[in-house]
Amino acid sequence: MRVLVTGVKGQLGHDVMNELAKRGYEGIGVDVEEMDITDASAVEHVMREAHADKVVHCAAWTAVDAAEDQAELCRRVNAQGTENIARMCRELDLPMIYLSTDYVFDGEGTRPWEPDDERHPLNVYGQTKYEGELAVEKYLEKYYIVRIAWVFGVNGKNFIKTMLKLSENHDTLTVVDDQVGSPTYTYDLARLLVDMLETEKYGRYHATNEGLCSWYEFAKEIFRQAGKQVTVLPVSSEEYPAKAKRPHNSRMNKDKLEEMGFERLPSWQDALSRYLKEIM
């Protein structure tokens, strides 16, 4: 199996390439230098030349606050870029995994989001990822839309690395306590994505590590496991203003994974422990 992976310089693309290699599959990794996804002719050229059997589309604009100021650029990447890839997947008859986000929902209430719930994004980033989902659904029948949240991996920036960096010169930090969700370790997620590629169980899925926490609880656990003496104080989203509105409810129902024969990801605390061993 030859798999074209976009966004290989990011946290997830890096781990998907490693997982493919581990199983003896051939990963063809591209980032913006090899294939600018916003350029339809570049996408066509690279995808025809790649002779891939399947595609994992990890490339995305993920700077959530910057997206509010640069909406058109964000849309070019997340919506039009995804449409360019989906069109070529249809033409070449390739199944595609599209990585999406909890941000396609409005983040209200406390009920976990179901894969087929109505989508009402609350910021530019979420809206453009939703438009990416619509493009995939419009052009393809053989697709997996996999929604993830609170992503961390070895390759790239994330909340854990930010907290550890801040701990070097702060003994007290404030972190929001009214946004609840589940972290996602790209190493665990990559294994699930390659499991999916080995099947034809298409559809929409939610995939995060098991268990829930607020960002405040996540930060406390990071410092506890890392052995850092940092006092973490809870604050509300209102006290910590950001340019883009964030969802309060990022709980996602992952029962479908089991129903379709896939393994759920390990607990987020277990994932954090393995991740810290990897980076420290």
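Trainee: Leaving aside neighbours within four places in sequence, which residues is Met196 in contact with?
Mentor: Met196 is in contact (heavy atoms within 4.5 Å) with Ile97, Tyr144, Val146, Tyr205, Leu257 and Phe262. Please note that this is a predicted model, in which local features need pLDDT of at least 70, side-chain atom pairs count only at pLDDT 80 or more, and totals for chains, interfaces and linings use all residues. Residues are numbered from 1 along each chain as its sequence is written, and side-chain values use heavy atoms, leaving out hydrogens and water.

Trainee: How far apart are Met196 and Tyr144 in sequence and in space?
Mentor: They are 52 residues apart in sequence, while their C-alpha atoms are 8.2 Å apart.

Trainee: Where does Met196 lie, and why does it count as buried?
Mentor: Met196 lies in helix H7, residues 186-197 (a DSSP run of H or I, at least four residues; strands are runs of E, at least two). Met196 counts as buried because its relative accessibility is 0% (buried means under 20%, with a 1.4 Å probe and protein chains only).

Trainee: Turning to H1, which of its residues are buried?
Mentor: In H1, the buried residues are Gln11, Leu12, Gly13, Asp15, Val16, Glu19 and Leu20. They pack against H7 and several strands, including S1 (2-6) and S4 (96-101). After H1 comes Gly24, with a positive phi near 80°.

Trainee: And at what angle do H2 and H4 pack?
Mentor: H2 (residues 40-50) and H4 (residues 71-92) pack at about 40°, with their axes 9 Å apart. The axes are lines fitted to C-alpha atoms over the stretch in contact, with angles running from 0 to 180 degrees between N-to-C directions.

Notes:
Buried means under 20% relative accessible area, exposed over 50%, partly exposed in between (1.4 Å probe, protein chains only).
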